[in-house]
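Subject: Structure with ligand, for your files

Hello,

Here is the structure I said I would pass on. My notes come after it.

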Amino acid sequence: MNEAVRVYAPATVANLGPGFDILGMAVTEPGDIVTASFADQPGTFITRITGDGGRLPLDATLNTAGVAANHVRRQLAPHLGINLEIDKGLPLASGLGSSAASAVAAATAVNLLLGAPLTPMELLPATLEAEAAVSGRHADNVAPALLGGIVLVTGATASNLHPIPVGPNIASLNITLITPNVAVPTAEARSVLPHLVPFPTVVHQIKAVGQLVHALHSDDIDLFTSAMMQDAIVELARKHLIPHFEAARDAALGMGGLAAVISGAGPTLCVLTRSHAAANHIGETLCNAYAAQSINAVFRVVNISQQGAAQLP
Ligand code: HSE
């Protein structure tokens with residue numbers, strides 16, 4: 001048996017505009033690393049966390065990595081003990097699937113430590129339990145963090161995960177992730193969503209999701225990016241949580257952005273471009289604009305990651 005297993009899990013962009021809670025995409029960076037090893041006593045223990053500024057709980061029942069790891073441990077080897085070390089590469093509460101990345105890395109690491117009896121898809125219930133514990137029950141971050149690429153999620157078990165092929169056109173897109181330094185906890189961003197939506201708006205949203213999934217299957221960049229821009233429900237309800245959202249989105253679209261949407265629950269803005277130079281220019285310009293408003297912001301230019309959680313040497 002392994003003595004320790006290190007696993008990297010990627011950041012993810014959930015929703016992709018209209019696909020609230022059902023569509024998510026893994027990106028090449030950043031990511032979280034979780035190391036699992038055997039403990040002397042039964043249970044799941046978090047022994048160290050780095051990169052979180054001291055903000056995450058060491059109590060495994062309150063930490064997304066701990067909850068996911070404990071689920072897998074209980075399922076596979078309830079008599080054993082597991083220690084976890086968490087290296088956060090993702091900013092917290094930024095809309096990049098931070099809680100999902102830790103949960104997926106932890107569940108994958110424990111599964112590998114115990115001989116990998118479960119497939120990545122079979123780790124969905126453990127990672128979903130972790131998301132539910134900290135930020136709300138949604139699988140559109142954990143699914144692509146487990147599997148890579150773009151995943152359609154229609155339920156809570158492995159058979160409801162539908163990886164969507166990412167063709168060469170869509171794969172060539174540059175993704176600028178602009179993250180202003182404003183925490184938007186997912187639970188809060190979910191609390192502002194409407195309970196009722198007018199029927200014509202529902203029809204519009206269904207059309208947009210259909211177009212988006214079809215665009216992916218036909219590898220059509222124009223159809224894909226126009227579908228991403230058609231969310232008529234969630235962005236409207238959340239945009240006030242993100243400073244200067246509309247100005248940032250419109251500026252990005254004016255600089256070569258094909259689509260500019262809230263990443264997950266925000267505040268990260270996700271902009272797609274054909275050109276790498278435009279992707280960098282958008283990131284630099286928006287970060288400077290935020291700085292002029294006394295808001296720190298960082299940007300990353302990334303791509304879709306075809307790979308989900310993976311063991312590190
Ligand atoms: N679908 C979730 C939401 C993703 O938008 O609340 C959170 O990252």
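What follows covers the domains and then the ligand site.

This is a predicted model, in which local features need pLDDT of at least 70 and side-chain atom pairs count only at pLDDT 80 or more, while totals for chains, interfaces and linings use all residues. Residues are numbered from 1 along each chain as its sequence is written, and side-chain values use heavy atoms, with hydrogens and water left out.

The protein divides into domain 1 (4–165 + 306–312) and domain 2 (168–302), with bounds from an automatic or database domain assignment. Their C-alpha centres are 24 Å apart. To the contact between them, domain 1 gives 31 residues and domain 2 gives 36 residues (contact means heavy atoms within 4.5 Å).

Around the ligand are A14, N15, F20, D21, H138, D140, N141, T186, R190, R238, G264 and A265, where a residue is near if one of its heavy atoms lies within 4 Å of the molecule. By class, three residues of the shell are nonpolar, five polar and four charged; Gly is counted as polar.

On its own the ligand has 260 Å² of accessible area, and the protein covers 98% of that (Shrake-Rupley method, 1.4 Å probe).

Regards
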